[in-house]
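Here are my notes for when you next open this one. Have the viewer ready and follow along point by point.

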Amino acid sequence: MGFSKSRPFFSSAAPRLSSSRASYLLCRSWQHLPKFHPASTLAASEPVGASLSAANISIEKTAAPKEKLPPTKLVFGHTFTDHMVQIPWNDTDGWLIPKILPYQNLSLDPATCVFHYAFECFEGMKAYKDSNGSIRLFRPDKNMDRMSKTAARICLPTFDHDALIKIIGELVKIDSDWIPSERGYSLYLRPTLIGTQASLGVAPPKSALLYVIMSPVGPYYPTGFKAVKLEATDYAIRAWPKGVGDRKLGANYAPGILPQRMAASRGFQQNLWLFGDEGYITEVGTMNAFFVFQLPNGKLELATAPLDGTILEGVTRDSILALARERFDKDKWVISERKFTIQEVADHAKAGTLVEAFGSGTAAVVSPIKEISWRDQPISVPLQAGKETGMVAEQMAQWIAEIQYGEVEHPWSFLLN
């Protein structure tokens with residue numbers, strides 16, 4: 001396949017993340033603006049009131065710890081740790097004192113704006129326990145940057161990235177015994193930001209709540225990779241240009257459930273989302289999509305859709321691209337972020353030059369694809385002999401896991417002290 005030999009090329013020190021101050025999106029009338037650029041903010045103005053700070057965390061530990069399930073009994077997102085973070089914000093005082101509290105219900109007025117107008121965004125990230133028992137986060141700076149951009153897009157408050165990483169780190173350390181020690185297991189972290197103003201009317205919320213909950217999780221494929229079958233979907237659209245498909249909004253996810261159920265009724269595990277009359281490939285389910293093509297010049301191309309406003313800026317996506325550009329043999333590989341269509345995929349399959357396809361995301365890291373149904377015709381995707389995965393997906397899963405579990409020292413692995 002043309003991989004270059006593995007070689008040490010990373011710094012051996014766990015990094016200190018530099019301070020990042022996100023610009024604040026001014027929520028004003030947009031009709032006077034000549035253009036709206038989803039990837040940028042409208043103005044560089046700091047939020048009113050106090051900045052988010054990790055210096056004054058209030059900690060209340062639970063008096064009734066929960067019973068922990070055996071690692072083999074864990075179901076993704078069904079078990080939660082003993083504690084959570086809550087950080088209120090309002091437009092007068094800014095960010096208030098961060099609190100680490102026993103895991104508990106939220107009390108919200110029925111008129112709270114998150115229920116009526118979807119003022120909500122979230123992140124998905126993980127903490128890992130290495131062979132020495134130390135705890136590591138994987139690229140938390142990327143999650144903070146994406147969450148801040150998403151918050152700004154829907155007029156929720158932005159925050160100091162380093163401060164939130166430190167607060168999350170304190171929560172993880174308090175509940176560190178919830179992280180299974182076995183390879184393949186981790187602690188899934190769900191930072192969430194909601195508008196909490198209790199009034200009807202579409203306007204920027206004057207109050208908000210940032211909270212973090214955590215769930216111990218096992219391997220996505222406990223018995224090894226299981227390649228999936230997809231239905232190429234053009235009767236429903238996941239995202240569109242100049243929309244919010246590049247932001248991690250809860251409102252982006254619920255509309256995809258019905259098409260997924262429709263695909264499942266026909267024997268497919270997920271949707272391959274297409275866009276436009278051309279049938280451009282965008283994402284697969286809730287993951288970014290990668291394809292490997294054999295080119296006429298003999299080189300191999302690893303291709304994924306570009307960040308054009310319709311594609312979520314996946315942390316795993318970015319990691320795969322960076323590792324491929326660093327570690328694949330440059331004489332044998334082309335790494336592309338470009339538009340391509342389902343017809344191009346079908347043509348490669350017919351010509352025998354479709355090499356591999358897979359999805360990428362936080363939960364699974366990679367999800368191999370073995371078949372795509374398009375216009376009721378199957379497109380077969382090759383797998384390695386005797387395996388449920390292609391070589392690139394397998395290699396990426398290995399390289400990323402080595403970083404996540406601290407087996408290879410790397411700047412992406414953030415060590416909690």
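Which residues form a nonpolar patch on the surface?

1. That would be Y235, L258 and M262, with about 280 Å² of accessible area together. Patches here take residues with over 30% relative accessible area and no salt bridge, joining nonpolar side chains (Val, Leu, Ile, Met, Phe, Trp, Tyr) within 5 Å and like charges within 9 Å. A salt bridge means a side-chain nitrogen of Lys or Arg within 4 Å of a carboxyl oxygen of Asp or Glu. Areas are Shrake-Rupley with a 1.4 Å probe, and for residues only the protein chains shown count as cover.

2. Before going on: this is a predicted model, where local features need pLDDT of at least 70, side-chain atom pairs count only at pLDDT 80 or more, and totals for chains, interfaces and linings use all residues. Residues are numbered from 1 along each chain as its sequence is written, and side-chain values use heavy atoms, leaving out hydrogens and water.

3. L258 sits in helix α4 (residues 257–265); helices are DSSP runs of H or I, at least four residues, numbered from the N terminus. At 54% relative accessible area, L258 is exposed (over 50%; buried is under 20%, partly exposed in between, 1.4 Å probe, protein chains only).

4. Now look at helix α6 (residues 342–351), whose buried residues are I342, V345, A346 and H348. Down the axis of α6 they fall within an arc of 160 degrees, so they line one face (the arc uses directions from the helix axis to the C-beta atoms). K350 and A351 are exposed on the other side. Just after α6, G352 has a positive phi of about 80 degrees.

5. On cysteines, C113 is buried at 3% relative accessibility, and C121 is buried at 0%. The structure has 0 disulfides (cysteine sulfur pairs within 2.5 Å).

Note on methods:
Helix = DSSP H or I, 4+ residues; strand = E, 2+ residues; numbered from the N terminus.
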